[in-house]
2 protein chains.
Amino acid sequence: MSVTAPLGFRASGVAAGIKNNGTRDLALVVNDGPSRAAAAVFTANRVQAAPVLWSRQVVSGGRVRAVVLNSGGANACTGAPGFQDTHTTAEKAGDVLADSAGEIAVCSTGLIGIRLPMDALLAGVDAAAADLTRDGGLNAADAIRTTDTVAKISFRRGEGGYMIGGMAKGAGMLAPSLATMLVVLTTDADLPADALDRCLRAATSHSFDRLDADGCLSTNDTVLLMASGATGVVPGEAEFTAKLTEVCLDLTRQLLVDAEGASKAIAIEVVGADTVADAVTVGRSIARNNLLKCAIKGEDPNWGRVLSAVGTTDAVFEPDRLNVAINGVWVCRSGSVGEDRDKVDLRPRDVAITVDLSAGKHSATVWTTDLTEEYVHENSAYSS
Amino acid sequence: MSVTAPLGFRASGVAAGIKNNGTRDLALVVNDGPSRAAAAVFTANRVQAAPVLWSRQVVSGGRVRAVVLNSGGANACTGAPGFQDTHTTAEKAGDVLADSAGEIAVCSTGLIGIRLPMDALLAGVDAAAADLTRDGGLNAADAIRTTDTVAKISFRRGEGGYMIGGMAKGAGMLAPSLATMLVVLTTDADLPADALDRCLRAATSHSFDRLDADGCLSTNDTVLLMASGATGVVPGEAEFTAKLTEVCLDLTRQLLVDAEGASKAIAIEVVGADTVADAVTVGRSIARNNLLKCAIKGEDPNWGRVLSAVGTTDAVFEPDRLNVAINGVWVCRSGSVGEDRDKVDLRPRDVAITVDLSAGKHSATVWTTDLTEEYVHENSAYSS
């Protein structure tokens, strides 16, 4: 179902020859309206890929007719010629759709610092346009994979019968400020661009923004939301945000369990925080602690490494009031030794770390993975 | 030579049975004066081990007669009983030296969250006191090792004939704010505590503070400087700081090449920065990028990951004016593709990454290691 679950969208995914292994590497998602309202959030990295620079301009107009996505090359750090390549891609898609290039978003993923093979890519846009169908969402999700082992898709039905669909890619470089490389969300609800923007920022701040697999922030991260309005349903913003957040959380979960080389999916819940910001700060600090991530890989409930990570933050807390539970066992109480660490069963893939700051009423959950030999191998054995 | 290179110091290292493998685990370093001026810097972690809390009080008085150091247990997150253990250790050392416990510093290293075996430790203080000699510096350096594969020592002679000696331990948990677990520096120059404090802060800010092996900040980091004044030489602060920095840089280098599981020693030199702070910020961001550290392990000159890391900082720079050299080859120029990456030879253990921000005249070097399967193995296979 993916991005074509809502009415008004067609999609396709083809093998354009950008990757040299013959698999799908180019996706096209088209909004046939009647609305083409859109919003997006982009990477917070100051080094931004050409497609990010381009799509930011496109989305600032509040309207997106279609998005072209490619794997096999990030088109980042490619200078003015790389930006021209993105522009050419948008013009090509505009031509085949008989529409304006100014309403064509572009997303790229793959190795930084190499130019895209434009002949292959432009021919691929023709092929993708010819292949557009109402059930092409899965092929599109397949085409944006890099080291992702599975295509990542989701959909939910909202009140009144509108749909939200989505696809995502991202298996490494999951990021502190925005967790995934590329996400396309679609809906047949009828909301204007400014409402979509508010709903999208609220949804991503509680989902993708709280996934931090390796602390590395991509140059290409993009989450694009397009609305066709094809059902004519005008949902309330709160209800729409809730449903959109469900889709984003579902995709976040899929990204988490498919993260490169990970053997554990770790949920870090920080409770008793003075503010939500404090809870997120503490959660992120723990999520980025390599020593803890290695310990979890080794199924060692090393709560001292949790406290070490908490201690590097400026959150409100007193060291002797910290409590830590690992998979439900309170191994640290009042900043010191708690229950017997031998009671902790770390064999399941899902790991829950709870940190009680004893400083207030707020909480937040940050997701991360363990650090494994396989992660190192995948990220050192070849360029990505 | 180590900490007993300067006149006025005796040291020893004994096997007290704190570790269960029978190796040395307790060190004692005694300043016989005539001066006992001292200064120290401690971890910036807000979760601080009992010996850090204790030694901070001791050093605030500006005088240290001796320091007791143990491996085999960090005495961190052990609550009030753990603090009492440290206090008891200082009282015991005060007794055997016929001196005040209030001038005995204590340092501990090892696993967080376990109490020390005090019977063994206190008997060890007796044994260490009986074993104190003018050439005990190497035994002391040996006794503070945890996963360190070698003892780390250094010394330099200053103008007028005074000496500075030092020992260090630290192979993991090298830290952003202070790079090593434990360092003891000694000198027979005659400087008051406030001058020692200024010199020490200047020296550590350019050495240990710029070593960032895995971004993890310890609960126990301590750098202690003790002056006996035994030569009567009163050096100028600038000259003393320069010599002290040399000793600290020598120890920093030894920590770097012995970091757990590392196969590369990486020097990240940031030039063309608007401020030194910007240069350090950018250097640290690169030093903590797991994806880059994996690439260097794989001998892949993946400069895109360098730019990604630079882009996450708030330093002054324009993305299209960034230049990056890896082992002397400018693989990135003006934010885009530069010289052929195949020219980069990453086989040597020493790796030099130079980042030119093109934003000013300032520079700084930050040192780090690669991220290897062995690092993961060492930190997941057992508690540490």
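1. At 43% relative accessibility, A:R198 counts as partly exposed; buried means under 20% relative accessible area, exposed over 50%, and partly exposed in between, with a 1.4 Å probe and protein chains only. The structure is a predicted model, in which local features need pLDDT of at least 70 and side-chain atom pairs count only at pLDDT 80 or more, while totals for chains, interfaces and linings use all residues. Residues are numbered from 1 along each chain as its sequence is written, chains are lettered from A and ligands numbered from 1 in the order in which they are written, and side-chain values use heavy atoms, with hydrogens and water left out.

2. The partner of A:R198 in a salt bridge is A:E237, with the closest N and O atoms 2.7 Å apart. A salt bridge is a side-chain nitrogen of Lys or Arg within 4 Å of a carboxyl oxygen of Asp or Glu. Because A:E237 lies in helix α6 (residues 237-257) of chain A and A:R198 in helix α5 (residues 193-205) of chain A, the pair ties together parts that are 39 residues apart in sequence. Helices (H or I, at least four residues) and strands (E, at least two) are DSSP runs, numbered from the N terminus. A:E237 is partly exposed, at a relative accessible area of 31%.

3. In chain B, B:R201 and B:D197 form a salt bridge whose closest N and O atoms are 3.1 Å apart. The two residues are four apart in helix α5 (residues 193-205) of chain B, and are therefore separated by about one helical turn. B:R201 is partly exposed at 44%, and B:D197 is partly exposed at 24%.

4. B:E373 forms a salt bridge with B:K297, the closest N and O atoms lying 3.0 Å apart. B:E373 belongs to helix α10 (residues 373-380) of chain B and B:K297 to helix α8 (residues 290-297) of chain B, so this pair ties together parts that are 76 residues apart in sequence. B:E373 is buried, at 16% relative accessibility, whereas B:K297 is partly exposed, at 25%.

5. Over all chains, a search of the whole structure finds 56 salt bridges. In chain A, a network of salt bridges links A:R10, A:D32, A:R36, A:R63, A:R65, A:D99 and A:E103.

6. Between the chains, helix α10 (residues 373-380) of chain A packs with α8(B) at an angle of about 70°, their axes 7 Å apart. Axes are lines fitted to C-alpha atoms, for helices over the stretch in contact, and angles run from 0 to 180 degrees between N-to-C directions. Contact means heavy atoms within 4.5 Å. Among the residues that meet are A:Y375 and A:V376 in α10(A) and B:L291 and B:K297 in α8(B).
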